[in-house]
Every structure is written in structure tokens, then in C-alpha cells.
Amino acid sequence: MSPPSSSNNKNYFVSLEEAKNLSKTIKIPIFEEKLTIQDTFNRVLVNDIYSKINDPPFDNSSMDGYALIYSDTINATESNPIELQIIETLPAGEKSSKILTSGFAIKIMTGAPIPSGADSIIMIEKTKQIGDKVLIYNPSFPNYIRKKGENLSKNQLVLEKGTHISPREIGLLATMGYSEVSVIKQLKISIISTGDELIPPGQELLPGQIYESNSYVLEGLIKEMGHTPIRHPSVTDSIENLRIELDKASEHSDLIITSGGVSMGDFDLVRKIMEEEGDILFWRIKIKPGSPPLFGKWNNTPIFGLPGNPVSSHVVFQILINPWLKFVTNAKGPLPKIIKAKLLENIKPKKDFIVFSRVIVENIGTEMVAYSRTHQGSGNLHSLVASNALTILSSEKTLTEGETIDVLLL
């Protein structure tokens, strides 16, 4: 296929926003499957979820203590306790058949239904039991009663379609009575690293070689989004080998992600093969680090070509592939966390670029502050581990110490 006219101009850049919009012009078929809730971690809901029940389904005690009538205890003090007759002990899971009247109390456990006639609870620590009597040393509290439906109402919309399911959502599904739900079927995403210099971790490095790490990072990022990574062997700098691996990936993947080979060098073969045989929507983005990525199709399968530098690869995934995957699957999470922080150092911008510097963000008690801990080289993966946020700088002037900026929490 012939690439668009933009890809014929090697100096052509698109903005990050333009790259996101262009990537959204390519979609892929999305399917669904029904899973038991314990298997839905990191998956995306297909449908809106409505509560099947009221939560709680009945008024119940939030404390171990005594169910009683508030007016009986209003004058209780440490020096002048109120004595009540205990008529029953009520565990969770059982309902009392008795009707409570003035002068009596029912010993109650956390979660047990409130007996008829009771309007408050006194926690057990504020009492003393003597035989079948209880001494009340403080007034009781109506707010120790969990009211029916105070958390959720039956038929209430609780989880919207597109929700990214964490352990919290799994617990909520169980609370509402769901044993299984429909979720987006996991996408199969191939990862292909390129370069003669790459060898797997565990082997002995020879002169000129480095350990391949990008595929491991990308694998984790893909799993974090709830999809299935397929790591291919690293491809040497050979058009023929690259073509074979891309063809394999296009046959069994919904998306291909390559690492390396997208810049302007003689051995940047991903860019070269895509220009000659693929279909490119864009190449190069006005961001730092990570400016040379491309996006298009290989054999009708979407492909993101990421830079080989580890930090660049990670940043481009977070700011470009992550939003695209959410777009095609209608996923609403996990949501990026962007906060304000005050700079503790100067940061120099790059004209027309968005700069994603690695920084530490800390709460110093009165405000959030941001500062760098390591050098900002795009090959320094340690800088990502040593940091917990990325700056989002689009200013054309140097930002100085004391200015407030947006940062993306990692």
C-alpha cells in the first residue's frame, strides 16, 4: 500500500492531539464473553449493572451491643447507670420474633436485624452485664443502626458499561447478587522488539549487545489494561525477518506493537517497511521523549511502532496506546491521575513539544511539590522506577522553581 502523503515527508510532525484523533479513525472488532465475577479482574464491563437488592436488605446493627429504646437511656451516666432486662441474644443471620418494649434490651451482634420496637444501639463497651441484666452508662445512638437501602437501592444503576473492574468492583458485584457478568473479550496484542544488539536477559553480554527490556515493560502495561500480550522473539535488522514476524503477528493478533526501528537511521527498518509495504497514518509526534512513533496498518492489522529507547516506549504507550485501547473497547478506566504540583527546580521546554519529564511528586504537608531525581535520558529506564510522575509541559518558556504545573501520576 502507498502511505499517505504525510508519511513521505520525513520532517512531518503531528501534535499529540492530532495523533490521538488519527488513531481513532482505525477501530477493530470487539467481542464479549460472560465470566464468573472472580475471573473479571482487570476486565471491562459490557453492560450497565443495576443492583438486584437493597443494601443493606434490612435495618441492622453496626455494633456488637444492645438494641433498646433511646428514651430509656437518655439520662444514663457513669455514676447513675440505667438497668434493663435482657430478653434475648441475637446473632447475625437470625431475626428476632420479639417486640421490644420499655425497660428491656436485646443483646445484638454486628449485622443482626434490628428487633421490632428498638430504635437505637448501645455499644457493648458502654455497658456491664450482670446475669440477665445490663447496666447502661451512656445514652444509646440511633446512628449505630444501618438503614435498609442506605448504601444501594434495588434497581439503582451502580456500575456503568465500560467500567474497568478492580477488586472493589468485584466485591460490589457480589454484594448486589451477581455471580457472573459480561465483559469485553481480551484483545490479543503482539509485541515485537527489533535490533541486532538485543539479547534476552540471562545470557552473557558480548561487546555491543544490550539486554532487551521493552517487551517486558509493554507486556506488563498490556496486562494492566486487561488484555493478552503475545511476546515475539526479538527480530534482527533484516527486512525479510521483520516481514515474516509482522505477517505472523497480523494473523493472530488484534494489534501489533513494535519497539525500535522507527527513527531516521539506515537500520530503522520498521519505518522503512511500513513506508514501502504498509499503510501509515502518522509518523513522528511533537512530544519529548518519544517523538518518532508511527501508527498505521500491516495486513489490515493496526500497528503502533514505538521508539526503542525504554523511557520513550513507556511514555508513548501511556499517552497514546492506552487511550486508543480504551477508545476501541469503550473502557472508562483505569483513569489517569493528573494533579497540580509546585516545581522545586527549573525545567526547560522544547518549542511546540509537550515535555514529559520524570519527577518525584511528594506531599510536604502544605502542598504537593515536584522535582527530578535522575537524569532525563530516554534510555534511562531507572528514571521511571525512581520517579512517580511525568510532567505535562507545553509551555514555550522555561518553567522556574515555584511555578505550579500539571503532573501525571504513574
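I take contact to mean heavy atoms within 4.5 Å.

**Ground rules.** Residues are numbered from 1 along each chain as its sequence is written, and side-chain values use heavy atoms, with hydrogens and water left out.

**Confidence.** I looked up pLDDT, the predictor's confidence in each residue, from 0 to 100. The chain averages 93, and 97% of the residues score at least 70. Residues 1–11 fall below 50, yet this stretch has 22 contacts in the model beyond near neighbours in sequence. Where pLDDT is low, the predicted coordinates should not be read in detail.

**S23.** I found S23 in helix α2, residues 16–23. Helices (H or I, at least four residues) and strands (E, at least two) are DSSP runs, numbered from the N terminus. Is S23 buried or exposed? S23 is buried, with a relative accessible area of 2%. Buried means under 20% relative accessible area, exposed over 50%, and partly exposed in between, with a 1.4 Å probe and protein chains only. Leaving out residues up to four places away in sequence, S23 touches F282, F295, F304 and W324.

**Cores.** A nonpolar core is a set of buried Ala, Val, Leu, Ile, Met, Phe, Trp, Tyr and Cys residues joined through side-chain atoms within 4.5 Å. The largest has 35 residues, and I257, F317 and L325 touch the most other members. Several elements supply at least two residues each, including α2, β17 (255–259) and α8 (310–329). Helix α8 gives the most, with 10 residues. I also listed contacts of I257 outside four places in sequence; among them are I189, L218, F304 and F317. Another core, of 17 residues, lies apart and includes V235 and L294.

**Sheet.** I traced 6 strands in an open sheet, ordered β7-β4-β6-β5-β9-β8, with mixed pairing. Strands β7 (120–123) and β8 (127–130) stand at the edges with a single partner strand each, so one side of each has no neighbour in the sheet. Two strands pair if DSSP finds at least two bridges between them. Strands β8 and β9 (residues 133–136) pair in the antiparallel sense over 4 bridges. The bridge partner of Q129 in β9 is V134.

**P349.** I found P349 in the loop between β22 (337–343) and β23 (354–355). P349 counts as buried at 18% relative accessibility. Beyond four places in sequence, P349 touches V355, S395, E396, K397 and T398.

How values were computed: Predicted model: local features only at pLDDT ≥ 70, side-chain atom pairs only at ≥ 80, totals over all residues.
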